Amino acid sequence: MQTSQESPTMTPPSKRALVLSGGGGRGAYHIGVLEYLERVGWRPDLIIGSSVGAVNATTLGSGVSVRGLKSRWLDLDSSDVQLMSTGDVLVDNLLRHRDHIFDLSPLPQTLTGESRKWRNRRWFNPEVLNSPSAPYEVWVTAVNTKTCQPEYFSNRDPNGIKLEHVLSSFSIPLWYGPTKMGDLSYWDGGMLVNTPFRKALELGASEVVMAMMTPWPERPLRTHERPGYITHLDQPFLIIAQELWNAFEPALDAMLTETVWRDYLLYKMEREAGKYPNLKWLAIVAPDRYLTVGLMTHYQLEHHRQLFELGWWDAFNDLAPVLPLPAEGKA
């Protein structure tokens, strides 16, 4: 007698995956996408993030609601992430260490709620994130500086996700120094897997939403022009550092997008060959124009609000074929 477990027609359980790409201060874009997904009632089972996507993913996994995450982004500024001191940049970082420009030392205190500003408003709560009752399965990625290969960390692993994993995933080379974990050092996960959707496929996801923050190569651009550059910083020397980054960021965007695009082309060939039979659909949310240059390393309320709105409307347009907004929600 054949049991239900042996039945060849048995349908595997559905698994919804949300993939949050890296992009530093552009991570506010994710909020608009998350609000749209809440509006249509699509709740992921697992969230996979790289760089700032790892920050947002672990915050949600720590039991913070989308509204709570949005309120944190509304209050977040650059000084909560990096040490905004000319003396620190010039003396400690460039002359002494010579491996980074800005110091990430404020970020741990922000994420753990240890600073005065963020007291009782933690982003990262390992007791919740790594508990069996965590609201989501969460994965983050970082690049091992020794092997130059990406590594993944999950709250389902025996050791769970630690704060160092999130900081490692956020450590943009040159702008920030690598993050040490024991004897190993790690760079930003986005360097090799800025939008780690293939992990979702490996985990058997049946529905995948990818939230990008750069235009998608398959789609036409509204314009090839870039809408300005971030230059308004208080200290002249920091403006120089920001302008140097502004010169580099478009090239970095191109490299990171190309990496994801090649992964996507490989996925399409694998899909045509019959791989991922459980996958129903994979949808990509991405802007149809370039974002302001410098947002990757800059955090400011004005830009966060603009990114919230842009993420919502891009999700509205890009997810319509699979997750349309109900008629009553379009008014």
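In which helix is the place of Q306? Q306 sits in helix 11, in a predicted model where local features need pLDDT of at least 70 and side-chain atom pairs count only at pLDDT 80 or more, while totals for chains, interfaces and linings use all residues. Residues are numbered from 1 along each chain as its sequence is written, and side-chain values use heavy atoms, with hydrogens and water left out.

**Overall make-up**

- The protein chain has 11 helices and eight strands, where helices (H or I, at least four residues) and strands (E, at least two) are DSSP runs numbered from the N terminus.
- Of the 331 residues in the protein chain, 53% are buried; buried means under 20% relative accessible area, exposed means over 50%, and partly exposed lies in between (1.4 Å probe, protein chains only).
- Taking contacts between residues at least 6 apart in sequence, 77% join residues at least 24 apart, a contact being heavy atoms within 4.5 Å.

- Helix 2 is mostly covered, since 10 of its 10 residues are buried, among them V52, N56 and L60.
- S51 is found in the loop between strand 2 (46–50) and helix 2, and its phi is near 60°, a positive value in a residue other than glycine.
- S51 counts as buried because its relative accessibility is 2%.
- Just after helix 2, G63 takes a positive phi of about 90°.
- In helix 3 (residues 66–75), the buried residues are V66, G68, L69, R72 and W73.
- Seen down the axis of helix 3, these buried residues fall within an arc of 160°, so they line one face of the helix; the arc is that of the directions from the helix axis to the C-beta atoms.
- The buried residues of helix 3 pack against helix 1 (29–40), helix 2 (52–61) and helix 11 (301–318).

**Individual residues elsewhere**

- W245, found in helix 10 (residues 236–272), is buried, with a relative accessible area of 4%.
- Not counting residues up to four places away in sequence, W245 touches I172, W175, L252, G294, M296 and T297.
- Although W245 and T297 are 52 residues apart along the chain, their C-alpha atoms are separated by 8.2 Å.
- Q306 is partly exposed, with a relative accessible area of 44%, and its C-alpha atom is separated by 9.6 Å from that of G32, 274 residues apart along the chain.
- L174 is found in the loop between helix 7 (163–169) and strand 5 (179–181), where L174 has a phi near 75°, a positive value in a residue other than glycine.
- L174 is exposed, with a relative accessible area of 55%.

**The largest pocket**

- The largest pocket is lined by 21 residues, of which P287, R289, L291, L310 and D314 lie nearest its centre; on a 1 Å grid over the protein atoms alone, a pocket is an open set of points where a 1.4 Å probe fits, with protein on both sides within 12 Å along at least five of seven lines, and lining residues have an atom within 4 Å of a point.
- By class, the lining of the largest pocket has 10 nonpolar, four polar and seven charged residues; Ala, Val, Leu, Ile, Met, Phe, Trp, Tyr, Cys and Pro count as nonpolar, Asp, Glu, Lys and Arg as charged, and the others, Gly among them, as polar.
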